[in-house]
Amino acid sequence: GSALALLSSELSFPLPTGTDNFRFAIFLDSGTLAASKDSLYSSEIRVSAGFGLRIQPQPFFSINLDFAWPLRKMDSDEERRFHFFFDTSF
C-alpha cells in the first residue's frame, strides 16, 4: 500500500524502583494500510490493546517490551502478541 493511517495512545507510570528508568505502559493502537489515499477511508481499520515495560538505560534511548491482543482484525492478518523494539528520541 501507499497510504497509511495510524493512531496510538499510551499511558505510562513509573515503577516503584526509586528511579525513573523503568515504566509500565498500557496502550491502544489502531491503523490501516491502503493502496491509495482515496481508498484509505474504506479500508478495514485494525485495533489492538496491550501493556508493556519501558526501560530507559540512557537519556534519549529506550527498550520497549510489549504484549498486545487484537480487538479488531481481518481473518488474513498475522498475529504477533509479543513485540520489542529500541526507540530513540531527541
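This is a predicted model: local features need pLDDT of at least 70, side-chain atom pairs count only at pLDDT 80 or more; totals for chains, interfaces and linings use all residues.
Residues are numbered from 1 along each chain as its sequence is written, and side-chain values use heavy atoms, with hydrogens and water left out. Local features need pLDDT of at least 70 and side-chain atom pairs count only at pLDDT 80 or more, while totals for chains, interfaces and linings use all residues.

**The sheet**

Start with a cartoon view and select the strands, which are DSSP runs of E with at least two residues, numbered from the N terminus. The open sheet has 5 strands in the order β1-β2-β3-β4-β5, with antiparallel pairing; two strands pair if DSSP finds at least two bridges between them. β1 and β5 are the edge strands, each pairing on one side only. On average, neighbouring strands are turned by 25° against each other, direction ignored, the axes being lines fitted to C-alpha atoms, with angles on a scale from 0 to 180 degrees between N-to-C directions.

Next, select β2 and β3 (residues 46–58), which run antiparallel and are joined by 10 bridges. Phenylalanine 22 has isoleucine 55 in β3 as its bridge partner. Move on to β3 and β4, an antiparallel pair over 10 bridges, where arginine 54 stands opposite asparagine 64 in β4. Then show β4 with β5, antiparallel over 7 bridges; here serine 62 has aspartate 87 in β5 as its bridge partner.

**The β3–β4 hairpin**

Select phenylalanine 60, in the loop between β3 and β4. The hairpin has 2 residues between the strands. Phi of phenylalanine 60 is positive, near 70°. Most residues other than glycine have a negative phi. Phenylalanine 60 counts as partly exposed at 49% relative accessibility (buried means under 20% relative accessible area, exposed over 50%, partly exposed in between, with a 1.4 Å probe and protein chains only).

Show the side chains of Glu10, Arg54 and Asp66, which salt bridges with shared partners join into one network. A salt bridge here is a side-chain nitrogen of Lys or Arg within 4 Å of a carboxyl oxygen of Asp or Glu, and the count comes to 8. The closest N and O atoms of arginine 54 and glutamate 10 are 2.8 Å apart. Arginine 54 lies in β3 and glutamate 10 in β1, so this pair ties together parts that are 44 residues apart in sequence. For aspartate 66 and arginine 54 the closest atoms are 2.5 Å apart; aspartate 66 is in β4, 12 residues from arginine 54. Both aspartate 66 and arginine 54 are buried, arginine 54 with a relative accessible area of 10%, whereas glutamate 10 is partly exposed at 46%.

Now select lysine 73 and glutamate 79, a salt bridge with its closest N and O atoms 3.2 Å apart. Lysine 73 is partly exposed, with a relative accessible area of 37%.

The elements giving two or more residues are β1 (3–14), β2 (22–34), β4 (61–72) and β5 (82–88).

**Before β1**

Finish at serine 2, in the segment before β1. Serine 2 is exposed, with a relative accessible area of 60%.

How values were computed. Helices (H or I, at least four residues) and strands (E, at least two) are DSSP runs, numbered from the N terminus.
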